[in-house]
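My notes follow in the order in which I made them.

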Amino acid sequence: MSNKFFEPGEQSPIKDSSSTVQLSAEMFFGDNGHAGYFTRKQFLNYGSSLREKEAHDLNTGLDAMKNGLTMGGSLVQRPDRSGRPYIHPEFFKPRGRLGVKIILEHGIEGFISDYQNGYIRPMFTLQDLIEEAKKEE
């Protein structure tokens with residue numbers, strides 16, 4: 001019996017992989033024969049819709065993932081004041097926790113799920129994603 005909660009995310013570029021994939025910015029967008037989590041246009045629109053604090057938190061969260069920090073905290077979806085769904089994960093550093101708010105749109109939830117399950121290790125920063133997304137403009 002298959003259970004979707006124990007499988008890589010629906011949009012996962014590593015659905016058939018048995019080890020942690022070093023995920024590049026190109027793979028994040030579905031290049032190199034992978035499914036991807038966002039299209040480039042979706043990602044640029046997503047980024048443009050974020051408030052300054054939300055963009056800062058996304059940047060912080062991506063840096064934490066790139067550095068391989070363990071994730072915990074509240075991964076329960078909640079609506080923010082404007083009705084957008086978000087989660088508030090924490091990343092564990094040697095001497096404390098780092099909490100961030102991540103707005104859930106497009107494939108970001110699958111991306112976070114794949115990271116948390118150890119399927120991927122992002123090898124990029126937010127700036128890398130922005131630069132890669134702008135290549136198609």
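This is a predicted model: local features need pLDDT of at least 70, side-chain atom pairs count only at pLDDT 80 or more; totals for chains, interfaces and linings use all residues.

Entry 1, helices α2 and α5. The angle between helix α2 (residues 40-49) and helix α5 (residues 126-134) is about 130°, and their axes lie 9 Å apart. I noted the crossing of α2 past α5 as left-handed. From α2, the residues in the contact are Arg40, Phe43 and Leu44. From α5, I listed Leu126, Leu129, Ile130, Glu132, Ala133 and Lys134. I then sorted this contact by class and got 6 nonpolar and 3 charged residues, with no polar ones.

The crossing of α3 past α4 is left-handed. On the α3 side I found Leu58, Leu62, Ala64 and Met65, which meet Ile108, Phe111, Ile112 and Tyr115 of α4. By class, the contact of α3 with α4 holds 8 nonpolar residues, no polar ones and no charged ones.

How many aromatic pairs does the count come to? I got 12 aromatic pairs. I looked up one of them, Phe28 with Phe111, and its ring centres are 5.2 Å apart. The planes of Phe28 and Phe111 stand at 85°, and the pair is edge-to-face. Phe28 belongs to helix α1 (residues 25-28) and Phe111 to helix α4 (residues 108-116), so this pair ties together parts 83 residues apart in sequence. I had already met Phe111 in the contact of α4 with α3.

Entry 4, strands. Which strands does β3 pair with? I found strand β3 (residues 85-93) joined to strand β4 (residues 96-99) by 4 bridges, and the two run antiparallel. A hairpin of 2 residues leads from β3 to β4. I checked Phe92 and found its bridge partner in β4 to be Arg97. I also found β3 paired with strand β5 (residues 102-103) over 2 bridges, again in the antiparallel sense. For Ile87, the bridge partner in β5 is Ile102.

Conventions
Residues are numbered from 1 along each chain as its sequence is written. Side-chain values use heavy atoms; hydrogens and water are left out. Two strands pair if DSSP finds at least two bridges between them. Axes are lines fitted to C-alpha atoms, for helices over the stretch in contact, and angles run from 0 to 180 degrees between N-to-C directions. A crossing is left-handed if the near helix is turned anticlockwise from the far one by less than a right angle, and right-handed if clockwise. Contact means heavy atoms within 4.5 Å. Ala, Val, Leu, Ile, Met, Phe, Trp, Tyr, Cys and Pro count as nonpolar, Asp, Glu, Lys and Arg as charged, and the others, Gly among them, as polar. Rings of Phe, Tyr and Trp (its six-membered ring) pair if their centres lie within 6.5 Å; planes under 30 degrees apart count as stacked, over 60 as edge-to-face and the rest as tilted.
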